[in-house]
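Take a walk through this fold, one packing contact at a time. Keep the model open as you read.

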Amino acid sequence: MAKLSVVLATYNEEKNLDACLASVKDIVDEIIIVDGSSLDGTVAIAEKYNAKITIVPNQQNFHINKQKALDIATHPWILQLDADERVSKQLASEIQKVIGMSDEEINTYQKQLHQRKLFLRHQALIEKRDGIIGKRDGFYAAFFVPRLNYFLGKNLRYGGVYPDGVIRLVKKGFAHFPAKDVHEQIAVDGRVGWLQHDLIHMADPTFKRYLERNSRYIDFIVTQLQNDHVGRDSVTFLKYMIGLPVSWFFLTFIRHKGFLDGWQGFVFSLFSALRFPRAYSSFLWKK
(Lines give C-alpha, C1' and ligand atoms only; values in the text may rest on other atoms or scores of the structure.)
Protein backbone atom coordinates (compact mmCIF):
# COMPACT_ATOMS: atom_id res chain seq x y z
CA MET A 1 0.00 0.00 0.00
CA ALA A 2 1.37 3.41 -0.99
CA LYS A 3 2.02 5.73 1.95
CA LEU A 4 0.03 8.94 2.35
CA SER A 5 0.84 12.33 3.88
CA VAL A 6 -1.81 14.86 4.89
CA VAL A 7 -0.76 18.51 4.79
CA LEU A 8 -2.41 21.67 6.09
CA ALA A 9 -1.53 25.34 6.32
CA THR A 10 -3.19 26.72 9.45
CA TYR A 11 -3.75 29.97 11.27
CA ASN A 12 -5.96 30.21 14.38
CA GLU A 13 -7.89 27.05 13.55
CA GLU A 14 -8.47 25.60 17.02
CA LYS A 15 -12.23 25.37 16.37
CA ASN A 16 -11.74 23.26 13.22
CA LEU A 17 -8.45 21.38 13.33
CA ASP A 18 -9.37 18.60 15.76
CA ALA A 19 -12.32 17.36 13.69
CA CYS A 20 -10.31 17.64 10.48
CA LEU A 21 -7.37 15.56 11.73
CA ALA A 22 -9.66 13.05 13.43
CA SER A 23 -11.27 12.35 10.04
CA VAL A 24 -7.94 11.28 8.47
CA LYS A 25 -5.81 9.95 11.34
CA ASP A 26 -6.51 6.31 10.47
CA ILE A 27 -5.49 6.52 6.80
CA VAL A 28 -2.39 8.75 6.80
CA ASP A 29 1.21 7.91 7.59
CA GLU A 30 2.29 11.43 8.51
CA ILE A 31 0.62 14.75 9.31
CA ILE A 32 2.35 17.95 8.19
CA ILE A 33 1.23 21.29 9.64
CA VAL A 34 2.66 24.61 8.49
CA ASP A 35 1.24 27.08 10.99
CA GLY A 36 1.24 30.83 10.41
CA SER A 37 2.13 31.70 14.04
CA SER A 38 -1.35 31.01 15.42
CA LEU A 39 -2.39 32.88 18.56
CA ASP A 40 -4.82 30.22 19.77
CA GLY A 41 -4.59 26.50 20.53
CA THR A 42 -3.99 25.32 16.96
CA VAL A 43 -0.47 24.04 17.56
CA ALA A 44 -1.44 22.18 20.74
CA ILE A 45 -4.15 20.32 18.81
CA ALA A 46 -1.68 19.43 16.05
CA GLU A 47 0.74 18.09 18.66
CA LYS A 48 -1.99 15.79 19.99
CA TYR A 49 -1.95 14.04 16.60
CA ASN A 50 1.87 13.80 16.52
CA ALA A 51 2.01 16.16 13.57
CA LYS A 52 5.27 17.49 12.16
CA ILE A 53 4.82 21.21 12.81
CA THR A 54 6.63 24.12 11.18
CA ILE A 55 5.95 27.64 12.50
CA VAL A 56 6.25 30.43 9.94
CA PRO A 57 4.87 33.98 9.55
CA ASN A 58 1.26 34.12 8.44
CA GLN A 59 0.80 35.04 4.79
CA GLN A 60 -2.03 36.99 3.19
CA ASN A 61 -1.68 34.59 0.27
CA PHE A 62 -2.16 31.33 2.16
CA HIS A 63 -0.98 29.30 -0.85
CA ILE A 64 2.58 30.21 0.13
CA ASN A 65 2.30 28.19 3.34
CA LYS A 66 0.33 25.44 1.57
CA GLN A 67 3.26 25.01 -0.80
CA LYS A 68 5.66 24.83 2.15
CA ALA A 69 3.56 21.99 3.54
CA LEU A 70 3.65 20.15 0.20
CA ASP A 71 7.44 20.53 0.11
CA ILE A 72 7.87 19.06 3.61
CA ALA A 73 5.72 15.97 2.98
CA THR A 74 7.78 12.81 2.43
CA HIS A 75 5.36 10.19 1.10
CA PRO A 76 4.42 9.37 -2.53
CA TRP A 77 0.83 10.64 -2.21
CA ILE A 78 -0.31 13.82 -0.45
CA LEU A 79 -3.78 14.77 0.74
CA GLN A 80 -3.96 18.56 0.98
CA LEU A 81 -6.77 19.82 3.24
CA ASP A 82 -8.10 22.99 4.81
CA ALA A 83 -8.86 22.86 8.52
CA ASP A 84 -12.60 23.33 7.96
CA GLU A 85 -12.80 20.22 5.75
CA ARG A 86 -13.75 16.71 6.89
CA VAL A 87 -12.98 13.46 5.07
CA SER A 88 -15.98 11.14 5.16
CA LYS A 89 -15.44 7.43 5.86
CA GLN A 90 -16.43 6.65 2.27
CA LEU A 91 -13.90 9.13 0.90
CA ALA A 92 -11.20 7.84 3.25
CA SER A 93 -11.71 4.29 1.95
CA GLU A 94 -11.71 5.51 -1.64
CA ILE A 95 -8.43 7.39 -1.16
CA GLN A 96 -6.76 4.27 0.25
CA LYS A 97 -8.07 2.25 -2.68
CA VAL A 98 -7.03 4.67 -5.43
CA ILE A 99 -3.45 5.32 -4.27
CA GLY A 100 -2.88 1.56 -4.40
CA MET A 101 -4.02 1.28 -8.04
CA SER A 102 -1.95 1.19 -11.19
CA ASP A 103 -2.63 3.83 -13.84
CA GLU A 104 -4.49 1.25 -15.92
CA GLU A 105 -6.71 0.43 -12.94
CA ILE A 106 -7.31 4.10 -12.24
CA ASN A 107 -8.27 4.65 -15.86
CA THR A 108 -10.86 1.88 -15.62
CA TYR A 109 -12.10 3.30 -12.32
CA GLN A 110 -12.59 6.73 -13.88
CA LYS A 111 -14.93 5.29 -16.50
CA GLN A 112 -17.06 3.73 -13.75
CA LEU A 113 -17.65 6.87 -11.65
CA HIS A 114 -21.38 7.08 -10.92
CA GLN A 115 -21.44 10.86 -11.55
CA ARG A 116 -18.79 10.94 -14.28
CA LYS A 117 -20.77 13.18 -16.66
CA LEU A 118 -21.48 15.73 -13.91
CA PHE A 119 -17.85 15.78 -12.82
CA LEU A 120 -16.53 16.25 -16.35
CA ARG A 121 -18.99 19.08 -17.03
CA HIS A 122 -17.85 20.75 -13.84
CA GLN A 123 -14.19 20.31 -14.76
CA ALA A 124 -14.87 21.87 -18.15
CA LEU A 125 -16.29 24.96 -16.43
CA ILE A 126 -13.25 25.17 -14.15
CA GLU A 127 -10.88 24.89 -17.10
CA LYS A 128 -12.82 27.52 -19.01
CA ARG A 129 -12.08 29.85 -16.09
CA ASP A 130 -8.56 28.73 -15.13
CA GLY A 131 -7.16 27.09 -18.25
CA ILE A 132 -6.39 23.44 -18.92
CA ILE A 133 -5.42 21.56 -15.76
CA GLY A 134 -2.80 18.83 -16.03
CA LYS A 135 -2.41 16.54 -19.04
CA ARG A 136 -4.92 14.49 -20.99
CA ASP A 137 -2.89 11.26 -20.98
CA GLY A 138 0.01 9.60 -19.20
CA PHE A 139 0.16 8.81 -15.48
CA TYR A 140 -2.30 10.14 -12.91
CA ALA A 141 -0.78 12.84 -10.71
CA ALA A 142 -3.82 14.42 -9.02
CA PHE A 143 -7.50 14.01 -8.28
CA PHE A 144 -10.44 16.34 -7.95
CA VAL A 145 -12.71 15.66 -4.99
CA PRO A 146 -16.40 16.68 -5.02
CA ARG A 147 -17.00 18.99 -2.07
CA LEU A 148 -20.24 19.43 -0.11
CA ASN A 149 -20.50 22.94 1.31
CA TYR A 150 -22.22 23.23 4.70
CA PHE A 151 -24.24 26.44 4.87
CA LEU A 152 -26.36 27.50 7.87
CA GLY A 153 -27.25 23.98 8.91
CA LYS A 154 -27.47 22.29 5.50
CA ASN A 155 -25.20 20.79 2.85
CA LEU A 156 -25.95 22.65 -0.38
CA ARG A 157 -26.48 20.41 -3.41
CA TYR A 158 -28.05 22.84 -5.88
CA GLY A 159 -27.62 26.41 -7.07
CA GLY A 160 -24.48 25.49 -9.01
CA VAL A 161 -22.64 24.87 -5.74
CA TYR A 162 -22.13 21.12 -6.10
CA PRO A 163 -19.86 19.29 -6.92
CA ASP A 164 -17.46 22.23 -6.22
CA GLY A 165 -14.52 20.14 -7.39
CA VAL A 166 -11.21 20.82 -5.66
CA ILE A 167 -7.87 19.12 -6.26
CA ARG A 168 -6.88 17.60 -2.92
CA LEU A 169 -5.06 14.32 -3.63
CA VAL A 170 -1.74 14.76 -5.47
CA LYS A 171 1.39 12.80 -6.23
CA LYS A 172 4.53 14.09 -4.51
CA GLY A 173 6.59 16.32 -6.80
CA PHE A 174 3.96 16.61 -9.54
CA ALA A 175 1.72 19.39 -8.21
CA HIS A 176 2.43 22.83 -6.82
CA PHE A 177 0.82 26.15 -5.94
CA PRO A 178 2.21 29.01 -8.06
CA ALA A 179 1.38 31.17 -4.99
CA LYS A 180 0.71 34.29 -7.06
CA ASP A 181 -3.02 34.63 -6.36
CA VAL A 182 -5.30 33.44 -3.54
CA HIS A 183 -7.83 32.14 -6.09
CA GLU A 184 -5.38 30.31 -8.33
CA GLN A 185 -5.67 26.65 -9.30
CA ILE A 186 -2.98 24.20 -8.20
CA ALA A 187 -0.70 23.33 -11.14
CA VAL A 188 -0.41 19.64 -12.03
CA ASP A 189 2.30 17.95 -14.10
CA GLY A 190 0.38 14.82 -15.06
CA ARG A 191 -3.11 13.50 -15.61
CA VAL A 192 -6.02 14.59 -13.39
CA GLY A 193 -8.85 12.28 -12.36
CA TRP A 194 -11.80 12.37 -9.96
CA LEU A 195 -12.76 10.70 -6.73
CA GLN A 196 -16.49 10.16 -6.31
CA HIS A 197 -17.12 10.44 -2.56
CA ASP A 198 -17.71 13.83 -0.96
CA LEU A 199 -15.36 15.99 1.06
CA ILE A 200 -17.38 17.83 3.70
CA HIS A 201 -16.62 21.55 3.84
CA MET A 202 -17.83 23.25 7.02
CA ALA A 203 -17.76 26.52 5.13
CA ASP A 204 -20.42 28.61 6.83
CA PRO A 205 -22.03 27.03 9.91
CA THR A 206 -23.09 30.52 11.05
CA PHE A 207 -24.20 33.62 9.18
CA LYS A 208 -21.46 35.61 10.90
CA ARG A 209 -18.78 33.35 9.41
CA TYR A 210 -20.41 33.58 5.99
CA LEU A 211 -20.41 37.39 6.09
CA GLU A 212 -16.75 37.41 7.15
CA ARG A 213 -15.76 35.15 4.25
CA ASN A 214 -18.01 37.02 1.85
CA SER A 215 -16.47 40.34 2.87
CA ARG A 216 -12.97 39.02 2.19
CA TYR A 217 -14.08 37.91 -1.27
CA ILE A 218 -15.62 41.33 -1.93
CA ASP A 219 -12.30 42.96 -1.03
CA PHE A 220 -10.67 40.71 -3.63
CA ILE A 221 -13.23 41.77 -6.27
CA VAL A 222 -12.62 45.45 -5.46
CA THR A 223 -8.91 44.92 -6.05
CA GLN A 224 -9.68 43.24 -9.37
CA LEU A 225 -11.90 46.14 -10.41
CA GLN A 226 -9.08 48.55 -9.62
CA ASN A 227 -6.46 46.49 -11.44
CA ASP A 228 -8.70 46.11 -14.49
CA HIS A 229 -9.48 49.86 -14.52
CA VAL A 230 -13.22 49.19 -14.66
CA GLY A 231 -15.26 52.20 -15.74
CA ARG A 232 -17.31 54.49 -13.50
CA ASP A 233 -19.82 55.44 -16.18
CA SER A 234 -23.59 54.91 -16.01
CA VAL A 235 -23.56 51.75 -18.15
CA THR A 236 -21.02 50.05 -15.89
CA PHE A 237 -22.92 51.30 -12.83
CA LEU A 238 -26.14 49.64 -14.05
CA LYS A 239 -24.25 46.47 -14.95
CA TYR A 240 -22.86 45.96 -11.44
CA MET A 241 -25.77 47.38 -9.47
CA ILE A 242 -28.62 45.67 -11.36
CA GLY A 243 -27.60 43.50 -14.32
CA LEU A 244 -25.06 41.18 -12.73
CA PRO A 245 -26.88 40.61 -9.40
CA VAL A 246 -30.23 39.92 -11.09
CA SER A 247 -28.73 37.54 -13.64
CA TRP A 248 -26.66 35.75 -10.99
CA PHE A 249 -29.66 35.26 -8.70
CA PHE A 250 -31.71 33.88 -11.59
CA LEU A 251 -28.85 31.58 -12.63
CA THR A 252 -28.26 30.08 -9.18
CA PHE A 253 -31.72 30.09 -7.65
CA ILE A 254 -33.86 29.28 -10.71
CA ARG A 255 -31.80 27.71 -13.51
CA HIS A 256 -29.54 25.71 -11.18
CA LYS A 257 -32.46 24.96 -8.83
CA GLY A 258 -31.13 26.63 -5.72
CA PHE A 259 -34.72 26.70 -4.44
CA LEU A 260 -34.41 22.95 -3.80
CA ASP A 261 -32.00 23.79 -0.97
CA GLY A 262 -34.82 25.61 0.84
CA TRP A 263 -34.34 28.90 2.61
CA GLN A 264 -30.59 28.30 2.79
CA GLY A 265 -30.55 28.16 -1.00
CA PHE A 266 -32.40 31.47 -1.19
CA VAL A 267 -30.03 33.19 1.26
CA PHE A 268 -26.97 31.82 -0.53
CA SER A 269 -28.20 32.95 -3.96
CA LEU A 270 -29.26 36.37 -2.67
CA PHE A 271 -26.05 37.25 -0.87
CA SER A 272 -23.79 35.80 -3.54
CA ALA A 273 -25.67 38.02 -6.05
CA LEU A 274 -25.29 41.05 -3.79
CA ARG A 275 -21.50 40.78 -3.89
CA PHE A 276 -21.54 42.62 -7.25
CA PRO A 277 -23.21 45.86 -6.06
CA ARG A 278 -21.36 45.70 -2.73
CA ALA A 279 -18.00 45.41 -4.48
CA TYR A 280 -18.77 48.09 -7.04
CA SER A 281 -20.00 50.50 -4.35
CA SER A 282 -16.75 50.01 -2.44
CA PHE A 283 -14.83 50.49 -5.66
CA LEU A 284 -16.58 53.84 -6.26
CA TRP A 285 -15.84 55.02 -2.73
CA LYS A 286 -12.13 54.36 -3.29
CA LYS A 287 -12.10 56.92 -6.11
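Helices α7 and α10 cross in the right-handed sense (the near helix is turned clockwise from the far one; left-handed means anticlockwise by less than a right angle). Helices and strands here are DSSP runs, H or I of at least four residues and E of at least two, numbered from the N terminus. The axes of α7 and α10 (residues 275–285) come within 9 Å and cross at roughly 55°. Axes are lines fitted to C-alpha atoms, for helices over the stretch in contact, and angles run from 0 to 180 degrees between N-to-C directions. The two helices are therefore oblique to each other; under 35 degrees counts as roughly parallel, over 145 as roughly antiparallel, 65 to 115 as roughly perpendicular, and the rest as oblique. Contact means heavy atoms within 4.5 Å. On α7, the contact residues include Tyr-217, Ile-221 and Leu-225. On α10, Arg-278 and Phe-283 are among them.

The model is predicted: local features need pLDDT of at least 70, side-chain atom pairs count only at pLDDT 80 or more, and totals for chains, interfaces and linings use all residues. Residues are numbered from 1 along each chain as its sequence is written, and side-chain values use heavy atoms, leaving out hydrogens and water.

Helix α7 (residues 207–227) also lies across β7 and β13, at about 90° to β13. Those strands belong to an open, mixed sheet of four, ordered β5-β13-β7-β8. Strands pair if DSSP finds at least two bridges between them. β5 and β8 stand at the edges with a single partner strand each, so one side of each has no neighbour in the sheet. The twist averages 30° from one strand to the next. β7 and β8 pair in the antiparallel sense over three bridges. Here Phe-151 stands opposite Lys-154 in β8. Helix α9 (residues 262–273) lies across β7 and β8, running at about 55° to β8.

Now the loops. Leu-152 sits between β7 and β8. Leu-152 has a positive phi of about 50°, though not a glycine. At 14% relative accessibility, Leu-152 counts as buried (under 20% relative accessible area; exposed is over 50%, partly exposed in between, with a 1.4 Å probe and protein chains only). Lys-257, in the loop between α8 and α9, also has a positive phi, near 60°. At 44%, Lys-257 counts as partly exposed. Pro-163 lies between β8 and β9. The Tyr-162 to Pro-163 peptide bond is cis, with omega near 15°.
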